[in-house]
Amino acid sequence: MAHLTATRPAQPWSAPTASDPVTASITLPGSKSMTARALVLSAVADGSSTLRRPLRARDTELMAAGLRALGTQVSTVEEERWLIRPNPLRGPAHIDVGLAGTIMRFAPAVAGLAHGPVTFDGDPVARTRPLGPLLGGLRALGMRIDAGPVGSLPLTVHGTGEVAGGEVKIDASASSQFVSGLLLAAPRFTHGVTVRHVGPPVPSAPHLRMTVQMLRAAGAAVDDTTPDVWVVEPGRLSGRGWDIEPDLSGAVPFFAAALVTGGSVTLTDWPHNSLQPVDTLRTLLLRMGGEVTLDTDGLTVRGTGVVKGLDADLSDVSELTPVLAALATVADGPSRLYGVAHIRGHETDRLAALAHELTTLGAQVIESPDGLEIHPRPLHGGTFRTYADHRMAHAAAVIGLTVPGIELDDVGCTSKTLPEFPALWSAMVAGGSER
Ligand SMILES: O=C(O)C1=C[C@@H](OP(=O)(O)O)[C@@H](O)[C@H](O)C1
Ligand SMILES: C=C(OP(=O)(O)O)C(=O)O
């Protein structure tokens, strides 16, 4: 349990500059989003499951610990194969969500299926992340939940061993995870669930497709044919083997290194049919001047060293905003990244944090309610604050490739999804490649 502590000392880090184009082959651990879903689906299934090549990082270790607290047997001893044996779910229990949106949004419904009270809390910043619409939805489905007045952490779910389920309307514009959190345990609800979204568009559509596809793979009947409506029938989920794909979002800073330095980075073991938004990423990187190919070596991104400015709605892939913003600061023209108002509720207010830190390094950044306009200018070294946000650290590392003297106040925040990040990054820049 190496990555569970909230109060760890800051780990300052000097981002390495690349004197040559980077050429690397990178093997990354599994997708955070797939690992989280596979853990939850395995805990509410009838039989045992295995996760092959899961992500071992703070978010997923805390999810495993939370499910264990509810009585599920979760063995994470083996690096490449985790075993999950479901048991009757029970409280009293406490779940530490850390700073993980996936835990604070996916685990409460599971707690509703437990007998007994289950308390939830997390890092101080986790208490500020949006949760209210999800809690309202779970209450409408029959769960009793005590939370603060604005509907945030800390909270207590008073599990009764069953959740009635039924129809619910919520506004999921602040996070697609509200919808995923209502769907993932829904086959175990007495009446299943029908979720209707009402409000501004739900972000992160590919993550919702991942939820639906993984539910179906576990044996659930799911109808998502009507826009903004998801129906999950009550039924049994089977235990199964989950092959977790390499984490595409975690790979993006490495791909960005290829663009910035005019090099080539290959992500190994990339599957031909992915549940992650690889086509959207390919389009964005092409528009920024990269070339993306898939062959037996893996998924490869090549750059020319010239990054093109980008005008794009990033609502489908909002978690990529920090790294794409970093690329935009070294582009050959201005960029406009928009459609991502909700990332103000991610690990930090990412739009404000990016605007501040990129401006400090010399870029001209105009912050709007739902995005950033970035005008490249010659950048200089300086301290880059990461705000406990792993993807801010990734952004700083990308800038550091060509701008000497980028000092991160803390790179330890990368343990949220990729504890090996600093070592992998340094090895890539130094010319090594493998994990
Ligand atoms: O369901 C998931 O695994 C995720 C959904 C997205 O959340 P939002 O819809 O809140 O952006 C994404 O940004 C997050 O990193 C992971
Ligand atoms: C938004 C993110 O995480 P979370 O799952 O905690 O919402 C992210 O990883 O970029």
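Modeller: A residue is near a molecule if its C-beta atom, placed from the backbone, lies within 6 Å of it. This is a predicted model, in which local features need pLDDT of at least 70, side-chain atom pairs count only at pLDDT 80 or more, and totals for chains, interfaces and linings use all residues. Residues are numbered from 1 along each chain as its sequence is written, and ligands are numbered from 1 in the order in which they are written.

Biologist: Which residues are around ligand 2?

Modeller: They are Ala100, Gly101, Thr102, Glu319, His346, Arg391 and Thr417.

Biologist: How do you know how the shell around ligand 2 divides into nonpolar, polar and charged residues?

Modeller: Ala, Val, Leu, Ile, Met, Phe, Trp, Tyr, Cys and Pro count as nonpolar, Asp, Glu, Lys and Arg as charged, and the others, Gly among them, as polar. The shell therefore has 1 nonpolar, 4 polar and 2 charged residues.

Biologist: Why is ligand 1 said to lie between domain 1 and domain 2?

Modeller: Domain bounds come from an automatic or database domain assignment. Both domain 1 (13–28 + 246–430) and domain 2 (32–243) give residues to the shell around ligand 1, so this ligand lies between them. Of the 14 residues around ligand 1, those that come nearest are Ser33, Ser175, Ser176, Ser204 and Glu319.

Biologist: What makes Val40 and Leu89 residues that Val110 touches?

Modeller: Two residues are in contact if their C-beta atoms, placed from the backbone, lie within 7 Å. Leaving aside residues up to four places away in sequence, Val110 touches Val40, Ala43, Val44, Leu70, Leu89 and Ala185.
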